[in-house]
Amino acid sequence: MDLAALGTLFFLQVTVILAVARITGYLAQRYLMQPRVVGEMIAGVLLGPSLFGAFSPDMQAALFPADTRPILYVIAQMGVGLYMFIVGLGFDRKDFAVNAKGAAIVSVAGMAAPFLAAVLLVPWLLQQGGLFGEGIDALQATLFLGAAIAITAFPMLARIIHERGITGTTEGTIALSAGAIGDAGAWVLVAIVLATLNNNMTNAGIAVGGGLAFAAFMIFLGPRFFAYLGRRAEIKGVDNGLIGIALILYMLSAFFMDAIGIHAVFGGFLLGTAMPRGKLSEGLKQALEPVTVVLLLPFFFTYSGLHTDLRVAGGGPLLWVALVILLASVLAKGGASYLAARWVGQSNRSALGIGALMNARGLMELIIINIGLQSGVIEPSLFSILVLMAIVTTLMASPLFELSRRIR
């Protein structure tokens, strides 16, 4: 495809992506009592082979040809990473420091229980056949399935917390912090599994060491390193120069985290948490949030949806596999997070809310299982089961969270 045709098609793609995202987001909020982000996630699936591609494969292929997928991918990664940078700007470091112990306990519980479930499930799943790739051993299968069950819809979690107005509360801070810690751990484990496929543990070491070093810098040195930007904003306001510097820093952070094999979203989020509070953080949010949320973020959902085909879901024995995995996922992640939140002193209402939020998988799950499918760790049948699990647990999050609000 020549550049002129590519540019023309791109504008049409953007039109369709934005229109479908706004419509489904409105419908989800208006009629399903779900946050807009759930509708936008569904929009991505609708534009993919599951619906659009099923009813009109020629039109879907013409609108989203393979030549354009790399462009959509890059914009998707920039959008979701930039959104997490904005979330980080609103992250209260003082509240995190106060609740760090509780967040760590919730995170560890939310990781340990899913991996225990994976340990119990994998021998049975391997006996079923056709779920894991050829040559995948029990340890690799357990690590990958545990990460898939343990993952939290971190970007979606952030948007639900924002839309429900609990940003900065103890409940919101613990959920967001635990989600960040847990998801970072899950990505590291996925990197380890991928490294073992090529017998290259160096990549896993780079991911773990580089991620810890970056997080340590942003947590302990970042606030001092970026203090000058905050002082400049207090004196001169947030001008285009400061916005440009912030975007350069974001791009570097996203590059580093992607380069070491984790994910750009964590680079953006950690940078946001390290930026000075006050006029700088508020000005950056006002400047970047509208374009990021309305224009860029729907690309993330669409790109993932284009690689999700629910039609490959099987029936018969696989139905029982799907039900067992769904039940185990909800009890392990949501149940363990609830119990851990109660352990650290949260009220029953708050703990139920945290458990409901942590149980959502969203498109972070879709990203991980797409990686697993493309690398041969899992087969299409297990991929489809995990997609269904991701959708169901995400749809559960808001109703269960609202139900928890009614408990005293």
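Serine 381 is buried in this predicted model, with a relative accessible area of 15%, which falls under the 20% cut-off for that label. Serine 381 sits in helix α18, which covers residues 380-405. Setting aside its neighbours within four places in sequence, serine 381 is in contact with Gly130, Leu131 and Leu318.

Not counting residues up to four places away in sequence, threonine 142 touches Phe115, Ala118, Val119 and Val122. What about arginine 22, 120 residues away along the chain: what separation do the C-alpha atoms of threonine 142 and arginine 22 show? The two C-alpha atoms are 38 Å apart.

Next comes helix α13, which spans residues 264-274. How many of the residues of α13 are buried? The count is eleven of eleven, so the helix is largely enclosed by the rest of the structure. Going along α13, the buried residues are Ala264, Val265, Phe266, Gly267, Gly268, Phe269, Leu270, Leu271, Gly272, Thr273 and Ala274.

Helix α13 also turns up in the story of the largest pocket. That pocket holds about 590 Å³ of space. It is lined by 25 residues, and those closest to its centre are Ile181, Ala184, Ala215, Ile219 and Leu270. Two or more lining residues come from each of α6 (93-128), α9 (170-197), α10 (201-225) and α13 (264-274). Which element gives the largest share of the lining? That is α10, with nine residues.

Aromatic rings are another thing to look for, and a search of the whole structure turns up eight aromatic pairs. One of them joins phenylalanine 10 and phenylalanine 11, whose ring centres are 6.0 Å apart; with 65° between the planes, the pair is edge-to-face. Are these two residues buried or exposed? Phenylalanine 10 counts as partly exposed, at 23% relative accessibility, whereas phenylalanine 11 is exposed, at 60%. Ring pairs also bring in Phe299, giving a cluster of Phe10, Phe11 and Phe299.

A further pair is made by phenylalanine 85 and tyrosine 250, with 6.3 Å between the ring centres and planes at 35°, so this one is tilted. This pair links distant parts of the chain: phenylalanine 85 is in helix α5 (residues 69-89) and tyrosine 250 is in helix α12 (residues 240-259), 165 residues apart. Phenylalanine 85 is buried, at 0% relative accessibility, and tyrosine 250 is buried too, at 1%.

Arginine 30 lies over the face of tyrosine 31, and the distance to the ring centre is 5.2 Å.

Conventions
Residues numbered from 1 in each chain as written. Predicted model: local features only at pLDDT ≥ 70, side-chain atom pairs only at ≥ 80, totals over all residues. Heavy atoms only, no water. 1 Å grid on protein atoms, 1.4 Å probe; cavity = no way out; pocket = protein on both sides within 12 Å on 5 of 7 lines; lining within 4 Å. Points joined across faces, edges and corners; volume = space filled by probe spheres on them. Helix = DSSP H or I, 4+ residues; strand = E, 2+ residues; numbered from the N terminus. Buried < 20%, exposed > 50% of the residue type's maximum accessible area, 1.4 Å probe, protein only. Phe/Tyr/Trp six-rings, centres within 6.5 Å; stacked < 30°, edge-to-face > 60°. Lys NZ or Arg CZ within 6 Å of the ring centre and 35° of its normal. Contact = heavy atoms within 4.5 Å.
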